[in-house]
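Below are my notes on the model, as numbered points. Please read them alongside the coordinates.

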Amino acid sequence: RLPPSSTLFPYTTLFRSAGYRLGRGKGYYDRLLPRLTAFKAGICFPFQLVEEVPAEPFDIRMDTIITIQ
């Protein structure tokens, strides 16, 4: 169990600026993220930040996306 002040940096392949992520298709973070109260930050290169990422109703958005741009 993570303390409430924790920050989580989940692995992903693509991000949308609205905070949605495209993972590797196994659903690990889809099951983990709803159970956490940690701050969720995505870190990516500029080419990984795209306009559209498929999102489902159960997908959890990142609280912020960090990139070098």
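1. D63 is partly exposed, with a relative accessible area of 43%; the classes used here are buried for under 20% relative accessible area, exposed for over 50% and partly exposed in between, with a 1.4 Å probe and protein chains only. D63 forms a salt bridge with K40, and the closest N and O atoms are 3.9 Å apart. A salt bridge here is a side-chain nitrogen of Lys or Arg within 4 Å of a carboxyl oxygen of Asp or Glu. D63 lies in the loop between β5 and β6 and K40 in strand β4 (residues 39–43), so the pair ties together parts that are 23 residues apart in sequence. K40 counts as buried, at 8% relative accessibility.

2. On the source: this is a predicted model, in which local features need pLDDT of at least 70 and side-chain atom pairs count only at pLDDT 80 or more, while totals for chains, interfaces and linings use all residues. Residues are numbered from 1 along each chain as its sequence is written, and side-chain values use heavy atoms, with hydrogens and water left out.

3. The structure holds two salt bridges. Besides the pair in point 1, the side chains of E52 and R16 meet in a salt bridge at 4.0 Å, N to O. E52 counts as exposed because its relative accessibility is 63%, whereas R16, at 18%, counts as buried.

4. How far apart in space are E52 and T64? Their C-alpha atoms are 16 Å apart, and the two residues are 12 residues apart in sequence.

5. Overall, the secondary structure of the protein comes to one helix and six strands. Helices (H or I, at least four residues) and strands (E, at least two) are DSSP runs, numbered from the N terminus. The order of the elements from the N terminus is β-β-β-α-β-β-β. The radius of gyration of the protein is 12 Å, close to the 11 Å that the globule rule gives for 69 residues, so the protein is as compact as a globular protein of that length. The radius is taken over C-alpha atoms, and the globule rule is 2.2 Å times the number of residues to the power 0.38. Along the principal axes, the C-alpha atoms fill a box of roughly 35 × 25 × 15 Å. Of the 69 residues, 30% count as buried.

6. The structure holds one aromatic pair. F45 and F47 form this pair, which is stacked, at 5.7 Å centre to centre and 5° between the planes. For this term, rings of Phe, Tyr and Trp (its six-membered ring) pair if their centres lie within 6.5 Å; planes under 30 degrees apart count as stacked, over 60 as edge-to-face and the rest as tilted. F45 counts as exposed at 52% relative accessibility, and F47 counts as exposed at 64%.

7. What sits over the ring of Y20? The charged end of R61 does, 5.8 Å from the ring centre. The criterion is NZ of Lys or CZ of Arg within 6 Å of the ring centre and within 35 degrees of the ring normal. P34 lies in the loop between α1 (28–32) and β4 and is partly exposed, with a relative accessible area of 48%.

8. T37 likewise lies in the loop between α1 and β4. T37 counts as exposed, at 60% relative accessibility. T37 and S6 are 31 residues apart in sequence and 8.1 Å apart in space, C-alpha to C-alpha.

9. F9, I43 and I66 form a nonpolar patch on the surface, with about 290 Å² of accessible area together. Patches are made of residues with over 30% relative accessible area and no salt bridge; like charges are joined within 9 Å, nonpolar side chains (Val, Leu, Ile, Met, Phe, Trp, Tyr) within 5 Å. Accessible areas come from the Shrake-Rupley method with a 1.4 Å probe, and for residues only the protein chains shown count as cover. I66 is found in strand β6 (residues 64–66) and is partly exposed, with a relative accessible area of 39%.

10. I43 is 9.9 Å from L14, C-alpha to C-alpha, and the two are 29 residues apart in sequence. L14 is in strand β2 and counts as partly exposed, at 24% relative accessibility.
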